[in-house]
Amino acid sequence: MTVFFRLLLLIVSIGTLIFVLGRVRKAQAQIESVVFWILFMLGLVAVSAFPGAVVYVSGLIGVESPANFVFLCIIFLLLLKVFNMSLLMSKLEYQIRQLTQRIALDEENRGESAARGVAPPVD
């Protein structure tokens, strides 16, 4: 890897890390989800700062090309993130369904109370 490419990777990785941290400071992202991205960016900074470690680990595992090893790790991590987001989305959909049903029941109860001439309960 050329020195120029290593510096470019390092600058882009640090810049992205600063961007993510800036979003956290402005409260535009949840801390739980940002921890993943901070660790991901720190990993990219480490890979760009110490490419010899990637070459060593890829040779140790038996991957032919260090670039393939990096891509494999990134794809694996992003698949884990997508799975985690899918679980979170399922949980939120369930909560929305429960909330919608609760609102519908409350409206129905208020409608029945109004039809009988009883004042609806105050929340």
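Student: What volume does the second largest pocket have, and what makes a volume here?
Tutor: The second largest pocket has about 280 Å³, a volume being the space filled by probe spheres set on grid points joined across faces, edges and corners. A quick heads-up: this is a predicted model, where local features need pLDDT of at least 70, side-chain atom pairs count only at pLDDT 80 or more, and totals for chains, interfaces and linings use all residues. Residues are numbered from 1 along each chain as its sequence is written, and side-chain values use heavy atoms, leaving out hydrogens and water.

Student: Which residues lie nearest the centre of that pocket?
Tutor: Gly43, Leu44, Val47, Cys73 and Leu77, out of 15 lining residues. Lining means an atom within 4 Å of a pocket point. Helix H2 (31-49) gives the most, seven residues, while helix H3 (51-61) and helix H4 (66-116) each supply at least two.

Student: How does the lining divide into nonpolar, polar and charged?
Tutor: There are 14 nonpolar residues, one polar and no charged.

Student: Why is Lys81 called buried?
Tutor: Buried means under 20% relative accessible area (1.4 Å probe, protein chains only). Lys81 has 11%, so Lys81 counts as buried. Lys81 is found in helix H4 and touches Ser33, Phe36 and Trp37, leaving aside residues up to four places away in sequence; touching means heavy atoms within 4.5 Å.

Student: Where is confidence lowest, and where highest?
Tutor: Lowest in H2, at a mean pLDDT of 82, and highest in H4, at 91. That score is the predictor's confidence in each residue, from 0 to 100. Over the chain the mean is 85, with 92% of residues reaching 70 or more.

Methods
On a 1 Å grid over the protein atoms alone, a cavity is a set of points where a 1.4 Å probe fits but cannot get out, and a pocket is an open set with protein on both sides within 12 Å along at least five of seven lines; lining residues have an atom within 4 Å of a point. Helices (H or I, at least four residues) and strands (E, at least two) are DSSP runs, numbered from the N terminus. Ala, Val, Leu, Ile, Met, Phe, Trp, Tyr, Cys and Pro count as nonpolar, Asp, Glu, Lys and Arg as charged, and the others, Gly among them, as polar. Buried means under 20% relative accessible area, exposed over 50%, partly exposed in between (1.4 Å probe, protein chains only).
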